[in-house]
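Q: Could you walk me through this one, a residue at a time where that helps?

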Amino acid sequence: RESKLASILFTIELNKRYGQKGIRSIAVNPGSVSSDIWRNESAFTQKLYRMVYLTPKQGSSTSIAGSIGNLPIDAIYLQPYWQP
């Protein structure tokens, strides 16, 4: 939670300082992703995560949208479950 808040606060401050110069920041949240980070969990848990969590490709969609998407100028936060 704290890292998401820190990312949003950084985004707001960077946009205040450099927005007039054409530099823009957008905080992104990949969501719950079934990736290799879960490799030390039990086989059952890994299977459950693969069924419930996003794939790495789906999780990367927020970073891609934030970098090349045609987003509203006031967008500061993206998550995979809802994007403007």
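Q: Where is Met51 found?
A: Met51 is found in helix α2, which spans residues 43–52; helices (H or I, at least four residues) and strands (E, at least two) are DSSP runs, numbered from the N terminus. This is a predicted model, in which local features need pLDDT of at least 70 and side-chain atom pairs count only at pLDDT 80 or more, while totals for chains, interfaces and linings use all residues. Residues are numbered from 1 along each chain as its sequence is written, and side-chain values use heavy atoms, with hydrogens and water left out.

Q: Is Met51 buried or exposed?
A: Met51 is exposed, because its relative accessible area is 63%, where buried means under 20%, exposed over 50% and partly exposed in between (1.4 Å probe, protein chains only).

Q: And which residues make the nonpolar surface patch?
A: Phe44, Leu48, Met51 and Val52 make a patch of about 460 Å². Patches take residues with over 30% relative accessible area and no salt bridge, joining like charges within 9 Å and nonpolar side chains (Val, Leu, Ile, Met, Phe, Trp, Tyr) within 5 Å; the areas come from the Shrake-Rupley method with a 1.4 Å probe, and for residues only the protein chains shown count as cover.

Q: How far apart are Met51 and Ser35?
A: Met51 and Ser35 are 16 residues apart in sequence and 12 Å apart in space, C-alpha to C-alpha.

Q: Switching topic, how many aromatic pairs are there?
A: The structure holds three aromatic pairs, counting rings of Phe, Tyr and Trp (its six-membered ring) whose centres lie within 6.5 Å, with planes under 30 degrees apart called stacked, over 60 edge-to-face and the rest tilted. One of them joins Trp38 and Tyr49, and this pair is edge-to-face because the ring centres are 4.8 Å apart and the planes stand at 65°. The pair links distant parts of the chain, eleven residues apart, with Trp38 in the loop between β1 (27–28) and α2 and Tyr49 in helix α2.

Q: Why is the pair of Tyr49 and Tyr53 called stacked?
A: The planes of Tyr49 and Tyr53 are at 10°, with the ring centres 4.6 Å apart, so the pair is stacked. Trp38, Tyr49 and Tyr53 form one aromatic cluster, in which Tyr49 counts as buried at 17% relative accessibility, whereas Trp38 is partly exposed at 25% and Tyr53 is partly exposed at 24%.

Q: What about salt bridges, how many does a search of the whole structure find?
A: The search finds two, a salt bridge being a side-chain nitrogen of Lys or Arg within 4 Å of a carboxyl oxygen of Asp or Glu. Arg17 and Glu13 meet at 2.8 Å, N to O, and both lie in helix α1 (residues 2–18), four residues apart, about one turn of the helix. Asp36 and Arg39 meet in a salt bridge at 3.1 Å, N to O; Asp36 is exposed at 53% relative accessible area, and Arg39 also counts as exposed, at 53%.

Q: Zooming out, what pattern does the protein chain follow?
A: Read along the sequence, the pattern is α-β-α-α-α-β, with four helices and two strands. The C-alpha atoms fill a box of roughly 50 × 25 × 15 Å along the principal axes, and buried residues make up 20% of the 84 residues.
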